[in-house]
Every structure is written in C-alpha cells, then in structure tokens.
Amino acid sequence: THTHTHTHTRTHTGSITENVERHEGQLARYVLGSPFPAKVLAYILASKFKRSSIPGVAQQSVTTDVMHTLLHNIVQQKYEQRVPSGDMYDKMIQLLSGEQQSLMEISYTKQQQKQKQKQKNKNQDSDTMDVFNRRNQMELTIETDNYFQYTLSPEADMPKIALSLPIAVPILTLTYALENGKQCCVNVYPTLQFLYSHHIQGEYITQEVKDSLKGDLNDSDSFCTRFMAAVMQHKQAGSQQQPADMAQDTEFNVGQTVGIHGLSSSSGLAHNGKRGCIVRPGEDGRWGVRLEDNVGIISFKAENLEVLAVAGASVATNGSSAARGGGMDDAMQKLRIKVRANHIRQNPQYTLAALQEGIYIIGMKDQFNIHDLQGHSMRQHVEYVADEMGFVLYDTSQSSANKSVDKFGPYFIEQYILMEVLSKHEVAQNVLDYYVNHKDKLEESVKSYSEAQGKGFICWRFLMNEAVKAAKAAQNKT
C-alpha cells in the first residue's frame, strides 16, 4: 500500500508542462488508439468544420495526422500552454472554443473568469437601475381603504389597467423597401409594463413618454382611442416622409459599432479614439452614440464617425451576424432594412400584438394572453399576437385562403423583419432569405399549408414539407 501511494504521488508532481504532456499521451492512446472512439471524434470534427465560415477550415480533411496534431493543440490550449502557431490550427482551435473573437480571449484563469462575470453582472444591474432611475419614473396614485378588495374588480383596478395600456411613442422604428419599390415604415409601441423591465434602454422614458400617460387611466377606452389617433398620425407622417428619408440613407445605422475621430474642441479631444454604438439618429445630421465607457449618449457629426468591423458580425444591419451566411446579409440589403430608432435591448422576451400593417404593440411575455386580451380595451384592434419565438398565440382570421407573405397576417414579411431585428431568430432568417431569393416557392408553401400543426413560419418544417408533397403530386399528374 505504501509503495502504491508513493507512486501515485510521484505521478502528480513535476512541472505543468510534463503533466500536460503526460495527459496528452493518455488521451492519444485511449481516443486515437482505438478505432471506434477515433471514428467518433473524426465525425464530430468534420461536422463542426463544415459549418465554419472560414473556407480553409470548412474544406479541411480530418485525417489521422490532423487529429493527432489537433488533439495536441486542444490539450495545450485547455491548460494555457499553447502558443499561437500562425497556421490553420489557430482557426480550428478558435472555432472549437466558441464565439470568442481572438485566441487571446479563449484562455482565462478562474480569477479572470470571476472578474469578467462580476463586471457583466454589474453592467446588467447598471442597465436595469438606469430604467428605474428617479428621472425615469412615472407616478400613478390611487386611494382606497382596502386594496385587496379593490383588486377583486379587475375592470376598475387602475394600476393593472395602466400596465397594459400602450404608449403612443414608438420604442422601435424601422424602414424597409419591397421589390416593387414600395417604401414601408414600421413603428412598435410598448405597454407601460414593458418599460419596467430589463429589455429597454432608460433614455426612452422622456417627458414625451410621461406626457402620453396623462389623463384618466380609468377610462381605458378613451385612452386607447387617443392612442389609435396618435399612431395613425405617425403612420401618415411616415408614409409622407418616407421616400425622402430613404433617399438620404447614409453609411450609418442604429446598432453599428463606430470609432470617434477628428474632434478638435477641448471637450471633444477626450473622445477621440473611443468606440461606441449608435443608438439613435441625432439632430442636424448627428448620430447619438453610447460610448463604451458608459458616459451616456453623445451626439456626433457623421464626419467624426467611422464604422468599425466587428469580428463575426455585420454591424451594417444592426448587428446581424455575418457568420450566418451571405444569404442573410443579401436579404437585409435587398429589403433595405434600416433601424431608425431602437430602445429595446437585444433578445427580449415579449409578445407582439399586431394591429395593422406597420403598427405593433410590444408587451411582456404572455401579457397579451387570450384571457386578458378579452377584457383589453385594444382587443377590437388586435388582429393577431405572436411571441419572440414566432408562435402565433392569437389570430382573428377565420379563413386561411388569403394567406400570403405580402398580406398583413401571421405570414406577412413584416412580422419576420421584426423578429430578425429583435431576436435574430433562425426562423426569421430562413423566411427573409427565401423571401428575397425563392419568393415563389415560399408563397406556394404558404398557400398549400393546412395549418394543422399551427400557424406561422414557426412550423417551417411542416410548411415546407407540405409544399414539397404538393409539388410531387402535381408532377405525378402530368
């Protein structure tokens, strides 16, 4: 027993380099020395390499020599002993290590990981506290002797009613162009409850937003009537100004990462060389930029901004990932999708109530559920409700005969443009890609889909399968 213990202790002593090499040899024997594990590893690597956007990696053959060298690099990288080799193995390691932008971002000590997570949590807390900052608060007051008894009458519960009311100031505005040249504008309006979540940026809560909530909130029908009048004015103004606005497109867009340069004033010199994200169009041709050091939003002239290429992302389309393939970038460019203003953080959880083309209300997850919707003052205006995944939760249309990607409804292209901007969802990417490159096939699929499995393109697999079956049946008849 003593001899065994002594041997065991010696096995775990020595330099980190010796221990890593010993571990590497064990893995090589147990994994690459047996036919079955070696074949499994080769299959996994080949599958991952094929998905790479780097041609050299995607075309790499997984031979025995490649696996031996790659295994050596993986072990070295795992224990922070690897030195970049400057060849294809650097790119392979980068792919296998996740979404990092460079090899320097792969390896962290435990302390560094804790520090990064702590900073991330601090930033999230700061973002949320910005929303709840006193300057962004709105006060609603009620007087009651028995609040519990008061809440038993939902139709008279003013706080609950207020939380479900929409605010007549767009939280997201985007424009796009159809192939026939038609210019379209989309405005998304939040509910009051959506404002008090971590999904929004605090600067949205302006005096205009606060003023829009003035009045008797107990009379929700009158409030919603005023809301519809306001949003219809926005829609009319947007349609009148849209052609000129589109003609003035620049290289800048909301969501882009930019660098600051060329400032000569005493206050501006400190900002030269800094990076930030465009969050809104400014006044007089300026752009509102949130700098990375979080000093707030500052307006800069276009001549002092430079679009920066972010590794793995196409910033020209509000952060859409270039790694998703050229088809997605092609779709965004052909539809000329431009985010004019966006105060919603990426990947929110939401339900979207569609009122009509170009007009949507965004609420919290399940806020527009079918039960609460029946008593909502906007119920007569809501045509359908969908969530961030694309599930259609409510739809007033009884007939499926008029389904089309060009007509307002659960299959309307506008719905999936919003999904792409808000969530970067795979379903939205597929729909937009097919819309610009295979529109006839997409339209045929929609018209032939029975909706037995549900509504909307979230049923993509079933919808496309039915189209394939219908096409085969037509070929057999001929």
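**View 1. The accessible surface of the whole protein chain.** In this predicted model, where local features need pLDDT of at least 70, side-chain atom pairs count only at pLDDT 80 or more and totals use all residues, the accessible surface of the protein chain comes to about 26500 Å² (Shrake-Rupley, 1.4 Å probe). Carbon and sulfur atoms own 51% of that surface. Residues are numbered from 1 along each chain as its sequence is written, and side-chain values use heavy atoms, leaving out hydrogens and water.

**View 2. Strand β1, residues 172-177.** In β1, 6 of the 6 residues are buried, so the strand is largely enclosed by the rest of the structure. In a regular strand, side chains alternate between the two faces of the sheet. Here L172, L174 and Y176 point one way, T173, T175 and A177 point the other, and all are buried.

**View 3. The β1-β2 hairpin.** Strand β2 covers residues 183-190 and runs antiparallel to β1, with 6 bridges joining them (pairing takes at least two DSSP bridges). Y176 has C184 as its bridge partner in β2. There are 5 residues between the two strands, and G181 in the turn shows a positive phi of about 95 degrees.

**View 4. The pairing of β1 with β8.** Strand β8 (residues 338-342) pairs with β1 over 4 bridges, in the antiparallel sense. Look for L174, whose bridge partner in β8 is V339.

Terms used. Buried means under 20% relative accessible area, exposed over 50%, partly exposed in between (1.4 Å probe, protein chains only).
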